[in-house]
Amino acid sequence: MGIPVISANPAEDLRDMSSKSTFGLLLRIDPVVPQIITESGAIFGMAHDGEHLYVGSSYANHTGVYTYRAGDGGIFAIPVSELFKKPWNPIRIWIHDGSYSPTAGIDGWFGGIPLKGFTEKKLRVYTTKSTKMRVAEYSLFSKVRDDTVSLNTGWNIVDLSNYYDIVAFKLDENIDQLQAEIILE
């Protein structure tokens with residue numbers, strides 16, 4: 001139908017071998033905002049015949065040292081009509097774990113998670129000191145809004161229910177330990 005469906009293995013390029021994971025995301029690239037379809041094992045190949053999308057996926061370790069793809073997984077046939085529904089399952093993704101610097105990444109921003117199709121949207125954040133965090137919502141074409149939330153020392157829950165498109169996060173100061181997990185249902 002002319003709408004790209006892509007796979008992403010978010011941990012594939014991590015330098016720290018112990019941080020690599022065996023999950024992948026199947027995404028539909030709708031105009032303006034992509035949508036996460038499902039979380040799966042690492043996706044290593046896709047093909048389609050017009051009726052089904054065939055996805056090769058595995059939960060086996062696949063770090064730079066271990067380049068094989070084995071273990072629980074296989075090739076799954078997904079009816080094309082299923083790709084145009086709401087996300088299939090709840091998703092939890094760790095988007096930051098470690099020290100934080102406002103100069104790291106792309107000008108200190110991390111995340112870039114599409115929220116489209118989910119009704120329950122939260123960010124769970126742990127910080128070693130009280131601080132302020134910016135939340136930016138944007139589409140593939142432009143920024144929609146930019147808000148600031150206060151974070152206390154310890155664990156915080158940030159309600160993202162007022163956001164619909166893609167969200168990213170930034171702090172204005174160095175943090176020794178920052179952990180962030182996005183929860184989508």
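Strands are DSSP runs of at least two residues, numbered from the N terminus. Ala168 belongs to one such run, strand 12, which covers residues 166–171. The model described here is predicted. This briefing treats a four-stranded sheet, the surroundings of Ala168, and several of the seven salt bridges that the structure holds.

**The sheet**

- Four strands form an open sheet in the order 7-12-9-10, and their pairing is antiparallel.
- Strand 7 (110–114) and strand 10 (143–151) are the edge strands, each of which pairs on one side only.
- On average, neighbouring strands of this sheet are turned by 20° against each other, with direction ignored.
- Strand 9 (residues 131–138) and strand 10 run antiparallel and are joined by eight bridges.
- Glu137 has Arg145, in strand 10, as its bridge partner.

**Ala168 and its surroundings**

- Ala168 has a relative accessible area of 6%, and because buried means under 20%, Ala168 is classed as buried.
- The C-alpha atoms of Ala168 and Ile113 are 6.7 Å apart in space, although the two residues are 55 residues apart in sequence.
- Leaving aside residues up to four places away in sequence, Ala168 touches Trp109, Phe110, Gly112, Arg134, Val135, Ala136 and Tyr138.

**Salt bridges within the sheet**

- Side chains of opposite charge can pair when their charged atoms come close.
- Arg134 and Asp146 meet through their side chains in a salt bridge, at 2.9 Å from N to O.
- Arg134 lies in strand 9 and Asp146 in strand 10, so this pair ties together parts that are twelve residues apart in sequence.
- Arg134 is partly exposed, at 24% relative accessible area, and Asp146 is also partly exposed, at 30%.
- Arg145, the bridge partner of Glu137, forms a salt bridge with Asp147, and their closest N and O atoms are 2.9 Å apart.
- Arg145 is partly exposed with a relative accessible area of 30%, while Asp147 is partly exposed at 24%.

- The side chains of Glu181 and Arg124 form a salt bridge with an N to O distance of 2.9 Å.
- Glu181 is in strand 13 (residues 175–184) and Arg124 is in strand 8 (residues 121–127), so the pair ties together parts 57 residues apart in sequence.
- Glu181 counts as buried, at 4% relative accessibility, whereas Arg124 counts as partly exposed, at 24%.
- Arg92 is linked with Arg124 and Glu181 in a network of salt bridges.

Note on methods. Residues are numbered from 1 along each chain as its sequence is written. This is a predicted model: local features need pLDDT of at least 70, side-chain atom pairs count only at pLDDT 80 or more; totals for chains, interfaces and linings use all residues. Side-chain values use heavy atoms; hydrogens and water are left out. Two strands pair if DSSP finds at least two bridges between them. Axes are lines fitted to C-alpha atoms, for helices over the stretch in contact, and angles run from 0 to 180 degrees between N-to-C directions. Buried means under 20% relative accessible area, exposed over 50%, partly exposed in between (1.4 Å probe, protein chains only). Contact means heavy atoms within 4.5 Å.
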